[in-house]
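User: I have a model open and want to go through a few spots in it. Can you take my questions one at a time?
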Amino acid sequence: MLEQYFSQLIKEELRHEPTPSQARAIRLLSRFQLTPCANALVILRGYAGTGKTSLVAALVRVLKKLQHPVVLLAPTGRAAKVFSLYAGHPAYTIHRFIYRQDTFKGEDTRFSLGFNSLKNALFIVDEASMIASGEGSFSESVFGTGQLLDDLLRFVYGGNNGCRLIMVGDTAQLPPVGEADSPALQDDVFKRMGMTVGSADLTDVVRQDDASQVLAGATHLRQMIAENPDALPCLAGSANGEVRFLPGDELIEALVSDYDKFGADEVIVVTRSNKRANVYNNGIRSQIFYREEELSRGDLIMAVKNNYHWPEKAAAALPKGESLPFSFIANGDVAEVLAVRNVHEQYGFRFADVTLRFPDYDGQELDCRVLLSTLQSEAPALTADESRRLYEAVLEDYAHISTKKERMKALRSDAYYNALQIKYAYAVTCHKAQGGQWRRVFIDQGYLPPDALGVSYLRWLYTAFTRTTDRLYLVNWPEEQRATAP
């Protein structure tokens with residue numbers, strides 16, 4: 001009876017008749033919520049358009065009405081912001097919520113696993129496809145054990161306090177860098193960890209979304225991933241619909257129009273390489289915003305490597321009791337440049353002192369030093385050789401310090417050594433866009449060699465396709481990949 005009652009509450013909050021796969025998921029969620037099992041976990045997998053978002057939002061509303069504690073988490077700041085908006089409840093990055101910063105004098109900044117003081121809370125993690133099992137895009141050895149998925153489970157379940165976890169994601173999206181699949185969406189991964197796993201797959205397209213060209217394209221790509229991964233996808237578009245084929249000579253006009261209507265932070269160009277992203281970023285800055293300086297007020301930039309120094313420094317200067325909305329600047333975080341000062345060269349690299357505003361973290365402002373040399377690099381960040389060269393050059397300035405421990409302490413507090421590595425954020429690779437949503441998305445796949453076809457390419461295209469909430473442009477799209485939308 002209680003299970004039926006809880007299921008009915010979710011259906012009422014869903015506000016439409018559930019699809020067959022949603023109905024199965026509702027039954028699973030109700031059993032999970034009402035059946036005591038200390039090590040139980042649920043995986044909710046759902047493709048684009050299958051109502052995963054609305055189902056999770058309905059569950060959150062039910063839990064809030066019942067005054068049951070619920071915590072919403074996501075791998076990145078932008079993904080947490082999107083999650084918070086559709087769920088109507090605050091969401092946090094996983095790192096921010098489960099780790100606490102340690103202070104070791106003379107040692108690297110480290111974050112240890114925090115203590116979960118909540119009782120009987122339900123943790124819901126969105127965009128779980130992005131979570132690596134070990135060292136990856138969002139997991140570094142400075143955090144806990146370096147195994148983000150393990151640490152998340154240890155945080156939620158380790159205190160025997162009745163807390164449990166739901167992982168939510170889309171298996172058709174790109175997996176974490178260096179992994180063939182998304183471990184956080186696989187039943188077997190958790191079973192090997194000793195968990196009791198229940199899972200549900202949302203596969204039925206929600207009726208009211210049937211007319212969406214974006215959804216139709218995403219569904220086509222998802223079906224190809226499952227049934228015909230080596231074929232060339234043919235996507236439908238039209239002159240005035242959600243999906244539009246855009247010739248290169250109309251690109252500037254379309255971008256200008258969308259920047260004027262929605263602002264630069266609601267428009268994104270998604271490419272397949274950093275090299276291609278650089279071409280777009282340089283063109284957008286020079287031809288649309290008429291910016292000639294290397295970095296200017298109003299520029300949108302993206303952090304391309306985690307940085308702990310500047311938030312730590314800013315937090316130390318705050319009055320007692322106040323804190324920043326983030327403990328580190330994460331790889332992929334976007335910021336607006338409010339001021340640029342002291343542009344100069346040092347150690348063979350270019351630097352500037354800037355004031356940044358982080359829109360995904362309540363507009364928090366932060367002063368820091370940035371490394372301008374990464375702006376035009378075709379590498380994702382400083383290469384290993386460049387990092388070593390900077391390290392050795394800065395360390396040489398502290399050669400006069402007699403003890404190695406004190407030299408390393410000075411190095412680790414050095415503004416040049418800790419300079420934030422950045423790229424422009426008008427055009428990004430798909431991995432950098434993952435987890436975010438924009439009103440207008442421009443996709444440029446560039447030249448596609450025959451050996452590029454396959455599951456990886458289809459997942460790339462599917463992930464890029466599903467970044468928009470409004471309209472999608474396919475830039476210079478090949479004729480053989482076009483179909484006319486009805």
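**Helix contact and strands**

Analyst: This is a predicted model. Where α12 and α13 meet, Tyr 391, Val 394 and Leu 395 in α12 contact Arg 407, Met 408 and Leu 411 in α13.

User: How many nonpolar, polar and charged residues is that, by class?

Analyst: The α12 contact with α13 has five nonpolar residues, no polar ones and one charged.

User: At what angle do the axes of α12 and α13 cross?

Analyst: Roughly 115 degrees, with the axes of α12 (residues 384-396) and α13 (residues 404-412) coming within 10 Å. The crossing is right-handed.

User: Switching to β14. Is the strand largely enclosed or open?

Analyst: β14 (residues 349-358) is largely enclosed by the rest of the structure, because eight of its 10 residues are buried.

User: Which way does β13 run against β14, and how many bridges join them?

Analyst: β13 (residues 334-346) and β14 are antiparallel, joined by eight bridges. Their hairpin has two residues between the strands, and Tyr 347 takes a positive phi near 60 degrees there.

User: And what about β15?

Analyst: β15 (residues 364-371) is also antiparallel to β14, with eight bridges. That hairpin has five residues between the strands, and Asp 362 in the turn has a positive phi of about 60 degrees.

User: What does Arg 357 in β14 pair with?

Analyst: Arg 357 is the bridge partner of Glu 336, and Arg 357 stands opposite Glu 365 in β15.

User: Last one, Thr 171. Which residues does it touch?

Analyst: Leaving out residues up to four places away in sequence, Thr 171 touches Arg 45, Tyr 47, Leu 185 and Arg 459. Thr 171 sits in the loop between β7 and α7 and is partly exposed, at 29% relative accessible area.

Note on methods
Residues are numbered from 1 along each chain as its sequence is written. This is a predicted model: local features need pLDDT of at least 70, side-chain atom pairs count only at pLDDT 80 or more; totals for chains, interfaces and linings use all residues. Side-chain values use heavy atoms; hydrogens and water are left out. Helices (H or I, at least four residues) and strands (E, at least two) are DSSP runs, numbered from the N terminus. Buried means under 20% relative accessible area, exposed over 50%, partly exposed in between (1.4 Å probe, protein chains only). Contact means heavy atoms within 4.5 Å. Axes are lines fitted to C-alpha atoms, for helices over the stretch in contact, and angles run from 0 to 180 degrees between N-to-C directions. A crossing is left-handed if the near helix is turned anticlockwise from the far one by less than a right angle, and right-handed if clockwise. Ala, Val, Leu, Ile, Met, Phe, Trp, Tyr, Cys and Pro count as nonpolar, Asp, Glu, Lys and Arg as charged, and the others, Gly among them, as polar. Two strands pair if DSSP finds at least two bridges between them.
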